[in-house]
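Please consult the sequence and the model shown below while reading.

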Amino acid sequence: MKVVLLVLDAQPHRHVSTEVTPVLAGLAAAGGRAPSGGRAVLTSATYPNHASFVTGTDAVGHGLYANHVVRDGRVRRAYDVGPSAPTLFDACRDAGRTAVAVFGDHHLVPVMGAGSAASHWPQDGALPAGRRLDDYGYLHDAETIVPLCAAAAAAAPLDLLVSQLNGPDTAAHLHGPDSADAVAIYTQTDGFVGELVEALQPAWNDTVLLVVSDHDQTTVSDAEPIDLQAAARAAGVEATIVLEGDGAVVVGDDRLQGSWLRGMDGLSGTEELAPGLRFVSAEPGRWFAPAGAEVELKGVHGGLATRTQVAIVAGGHAAVPRLAAGLARRVPEAPDWAVTIAELLDLDLPTATGRSLLA
């Protein structure tokens with residue numbers, strides 16, 4: 001069996017259709033698709049969910065609850081910290097299986113612990129010289145698909161291929177997730193998915209292809225940003241606040257148990273993720289930033305409104321109908337994919353908390 005996990009960064013579930021993404025729609029029709037999509041861990045951001053895809057835990061379990069986290073009293077980038085839970089790459093290495101990683105966002109190498117894979121690209125998580133980049137400095141999908149298809153079609157034994165294409169996320173941030181410009185990029189990325197499917201064809205009957213997204217995006221409105229830091233200072237809350245688009249995390253001593261958030265304009269919800277770790281979500285279209293900050297993005301993610309994920313299974317392996325039935329029964333959570341892969345490949349993920357879709 002060859003298991004391929006493909007993450008389409010920020011690809012909206014609502015824009016998977018025969019008109020916009022004919023390859024994805026065809027895979028879903030031949031295999032299976034979660035009718036209402038999957039559900040991201042909080043915050044609904046790139047690095048927390050990619051870490052969940054390989055650890056099988058929520059963001060508290062692997063420690064990367066946002067694209068930035070607090071460590072040793074200071075805010076650090078998630079890719080400088082890495083997950084604190086064992087990954088599928090560790091499990092493959094320990095079981096003598098071959099795992100390969102190919103990412104458009106080079107920071108995912110440390111975020112997903114892909115240094116433990118048999119091979120990973122970009123090497124050491126560094127941007128390769130002379131490659132085409134997108135508007136935010138990540139590898140263009142046209143660059144990423146080349147090593148991805150090479151890995152998929154390689155004659156050498158391969159048990160697990162974990163991959164990511166970044167195009168939809170950059171387009172949604174830059175133009176807005178429902179704009180014509182972003183939809184055009186969704187179609188373009190769908191074409192690259194078709195190239196991957198073609199590369200997998202010689203071993204299709206032995207392949208399980210899992211296609212997901214890490215989060216959705218919501219269009220930024222003209223309303224003023226929500227200044228959560230100012231509200232915390234006014235309430236006397238001594239905590240570090242990590243901003244994540246339309247989501248945020250309050251890190252530290254919150255003796256008021258979140259009561260200082262009640263009645264605040266623009267909030268859609270709050271919950272305690274763990275002691276000293278409180279998630280806060282903005283209403284759709286709102287976002288968190290200091291007062292007076294200019295809107296630099298037309299699409300954001302991180303909150304409750306952007307938790308929906310693409311969830312598609314395909315391939316010719318006999319396990320695919322069982323996986324499709326699992327998607328039809330319940331909404332898959334981000335950690336469920338790692339647990340499902342571990343069951344498919346008979347791997348041990350001792351700290352995983354997700355549920356297999358084969359159950």
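Which residue in the turn of the hairpin formed by strand 13 and strand 14 has a positive phi?

## Basis of the report

The model is predicted: local features need pLDDT of at least 70, side-chain atom pairs count only at pLDDT 80 or more, and totals for chains, interfaces and linings use all residues. Residues are numbered from 1 along each chain as its sequence is written, and side-chain values use heavy atoms, with hydrogens and water left out.

## Strand 14 and its partners

The residue in question is G276, with a phi of about 80 degrees; two residues separate the two strands of this hairpin. Helices (H or I, at least four residues) and strands (E, at least two) are DSSP runs, numbered from the N terminus. Strand 13 (residues 267-274) runs antiparallel to strand 14 and is joined to it by six bridges; strands pair if DSSP finds at least two bridges between them. Within this pairing, T270 stands opposite V280. Strand 12 (residues 247-252) is also antiparallel to strand 14, through five bridges, and V250 has R278 as its bridge partner.

Strand 14 (residues 277-282) is mostly covered, with six of its six residues buried; buried means under 20% relative accessible area, exposed over 50%, and partly exposed in between (1.4 Å probe, protein chains only). In a regular strand the side chains alternate between the two faces of the sheet. Here L277, F279 and S281 point one way, while R278, V280 and A282 point the other way.

Helix 12 (residues 336-345) is largely enclosed by the rest of the structure, because nine of its 10 residues are buried. Among them are W337, I341 and L345. Just after helix 12, D346 takes a positive phi of about 55 degrees.

A nonpolar core is a set of buried Ala, Val, Leu, Ile, Met, Phe, Trp, Tyr and Cys residues joined through side-chain atoms within 4.5 Å. The largest has 58 residues, and those with the most contacts inside it are Y65, F89, L160, L210 and W337. Helix 12 supplies the largest share of this core, six residues. Apart from it lies another core of 31 residues, including L139, L161, V193 and I312.

## A buried asparagine

N49 lies in helix 2 (residues 46-55) and is buried, with a relative accessible area of 0%. Its side chain makes a polar contact of 3.2 Å with that of Q309; such a contact is a pair of N or O atoms within 3.5 Å, and within protein one must be able to donate a hydrogen and the other to accept it, while residues adjacent in sequence count only if both atoms are side-chain atoms.
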